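Colleague: I would like to learn how to read this model, feature by feature, with the criterion behind each term stated before the case is discussed. Could we go through it slowly?

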Amino acid sequence: MWTVPKPKYRTGLCADGEIAVNVGGVRVVLFGDVLNRYPDSRLAELLNCSTQNHEVISSLCDDFDPGRKEFYFDRDPDTFKCIINVYYFDEIHIKPGICPICFMKEMEFWKIDQDVLDECCKSYLSEKEEELTEIANKVKVILEDLEVDRCITRAQRCQRFLWKLMEKPDSSRPARVITIASFLSVLVSAVVMCMGTIPELQVADAEGKLVEHPILEAIETACMSWFTAEYLLRLASSPNKLHFAFSFMNVVDFMAIVPFYVVLSLTYLSTTSMMELTNVQQAVQALRILRIARIFKLARHSSGLQTLTYALKNSLKELGLLLMYIGIGIFVFSALAYTLEQSHPETLFRSIPHSFWWAIITMTTVGYGDIYPKTTLGKCNAAVSFLCGVIAIALPIHPIINNFVVFYNKQKVLETAAKHEVELMELKSGRDARRKSSD
């Protein structure tokens, strides 16, 4: 319900205590008592200033008709209709279809504080501000790439060129070739690691133990040499080496390289009798497991995998709920299974912790068959458990997929907006250059 008179969208002269505001062709009659609720606003200042003081009025509005006591503003009328709500409801909502950044500029023009925005609109505004920050960062990166030839010294030009060559696949054809070569090296390295475990492809050493084939070891060494050279070149050309070293994907690259050289060092120490052979072999086997980390290098070359990672990061709440549901179900159904199966002489449920495994593989609909109920009530409990498991897993899937789609589309829009912004800046700089040349 309205607690104060509504604004009037009508023609004609204003009554006492009223002013007429014409915003973008839309005429609104406002009551003075209502406007004085926010005395520091532009409309309240217009109401309280003298009509004879044309200098002050000209600074507050675009034009003024003294006879009709009507103030003219060349502003957006749709935005103004939202802003005048603050005089009646003490809060403002941003209507759909209005740019929140432009809306904030309008609020600043009308001298309305941002604190009157409703909480839902504040969150929407903060989201748009984050998007603008991301666009600005992308524009900055694009401009830095375009300013390679403007570097002061030759060393800086070489460093920037090398950085683009190693980090920007779209900058040139050689950079794209290097990216493809790095991607194939990761795949080859992963295939070699898998093939090295096949007994038919292994050879016997001097002690009769099976080891990797020398050809596979040579391919492995070549791939690691490429990874090492690539990492060192990227580190040398990085503008911020500290940020580069502690970046997550670069830490993954480093962890994929280090085990290879540690194994070489341990092998050398074992041949020089500086360490016991048994300890060296155990350490080598443990470090070989770390070679699986190099498969994560694929994420650096795939925007889809990076988007999936960010989507999962933004879906931690949904994933937490999923784990909580599954955890509660595992505890409840494993306890029921243990209790219901105790009456069977050949029960496979020896304890509740032992029943956790059965509850996990049942609720996830895997069902290895190594442990299963034998009583009628136990089978009913199993049927209910896998139905609950399917429901618990299916519920959070849609929000996670939605987060992935939203984030992926958002990144595409931001990249397009950044490129469009750079094009506008280039057109503006070209127009300014032609204007100066003509002058």
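**Reading the model**

Modeller: Thr228 counts as buried, because its relative accessibility is 17% and the class buried means under 20% relative accessible area, with exposed over 50% and partly exposed in between (1.4 Å probe, protein chains only). This is a predicted model, in which local features need pLDDT of at least 70 and side-chain atom pairs count only at pLDDT 80 or more, while totals for chains, interfaces and linings use all residues. Residues are numbered from 1 along each chain as its sequence is written, and side-chain values use heavy atoms, with hydrogens and water left out.

Colleague: Where is Thr228 placed, and with which residues is Thr228 in contact?

Modeller: Helices (H or I, at least four residues) and strands (E, at least two) are DSSP runs numbered from the N terminus, and Thr228 has its place in helix 10, residues 214–237. Contact means heavy atoms within 4.5 Å; with neighbours within four places in sequence set aside, Thr228 is in contact with Ile257 and Tyr261.

Colleague: How should I read Trp163 in the same terms: is Trp163 buried or exposed, and which residues does Trp163 touch?

Modeller: Trp163, which sits in helix 8 (residues 154–167), is buried, with a relative accessible area of 16%. Not counting residues up to four places away in sequence, Trp163 touches Lys168, Arg234, Ser237, Ser238, Pro239 and Phe244. For one of these, Arg234, the separation from Trp163 is 71 residues in sequence but 6.4 Å in space, taken from C-alpha to C-alpha.

Colleague: What can be read from helix 9, in its span and in its buried residues?

Modeller: The general idea is that an α-helix has 3.6 residues a turn, so residues three or four places apart point the same way. The expected span of a helix is 1.5 Å times one less than its number of residues; helix 9 (residues 173–195), with 23 residues, reaches 33 Å from its first C-alpha to its last, close to the 33 Å expected at 1.5 Å a residue. Buried residues in helix 9 include Ala175, Ile178, Thr179, Ser182, Ser185, Val186 and Ser189.

Colleague: How many disulfides does the structure hold?

Modeller: A disulfide is a pair of cysteine sulfur atoms within 2.5 Å, and the structure holds zero of them. As for individual cysteines, Cys194 is partly exposed at 47% relative accessibility, and Cys380 is partly exposed at 44%.

Colleague: What is the strand order of the sheet, and which strands lie at its edges?

Modeller: Strands of a sheet pair through backbone hydrogen bonds, either parallel or antiparallel. Two strands count as paired if DSSP finds at least two bridges between them, and here four strands form an open sheet in the order 2-1-4-3, with mixed pairing. Its edge strands, each pairing on one side only, are strand 2 and strand 3 (63–65). Strand 3 and strand 4 run antiparallel and are joined by three bridges; Asp63 has Tyr72 in strand 4 as its bridge partner.

Colleague: What surrounds Phe73, and which residues does Phe73 touch?

Modeller: Phe73 lies in strand 4 and counts as buried at 3% relative accessibility. Leaving out residues up to four places away in sequence, Phe73 touches a set of residues, among them Val21, Val23, Leu46, Leu60, Cys61, Phe109 and Trp110. The C-alpha atoms of Phe73 and Cys61 are separated by 5.8 Å, although the two residues are 12 apart along the chain.

Colleague: How many salt bridges does the rule give, and which parts does the pair of Glu70 and Arg27 tie together?

Modeller: A salt bridge is a side-chain nitrogen of Lys or Arg within 4 Å of a carboxyl oxygen of Asp or Glu, and by this rule the count comes to six. In one of them the side chains of Glu70 and Arg27 meet at 3.0 Å, N to O. Glu70 lies in strand 4 (residues 70–73) and Arg27 in strand 2 (residues 26–31), so the pair ties together parts that are 43 residues apart in sequence. Both Glu70 and Arg27 are buried.

Colleague: Which residue forms a salt bridge with Arg75?

Modeller: Arg75 forms a salt bridge with Glu106, with the closest N and O atoms 2.9 Å apart. This pair links distant parts of the chain, Arg75 being in the loop between strand 4 and helix 4 (77–83) and Glu106 in helix 6, 31 residues apart. Arg75 counts as partly exposed at 25% relative accessibility, whereas Glu106 counts as buried at 10%.
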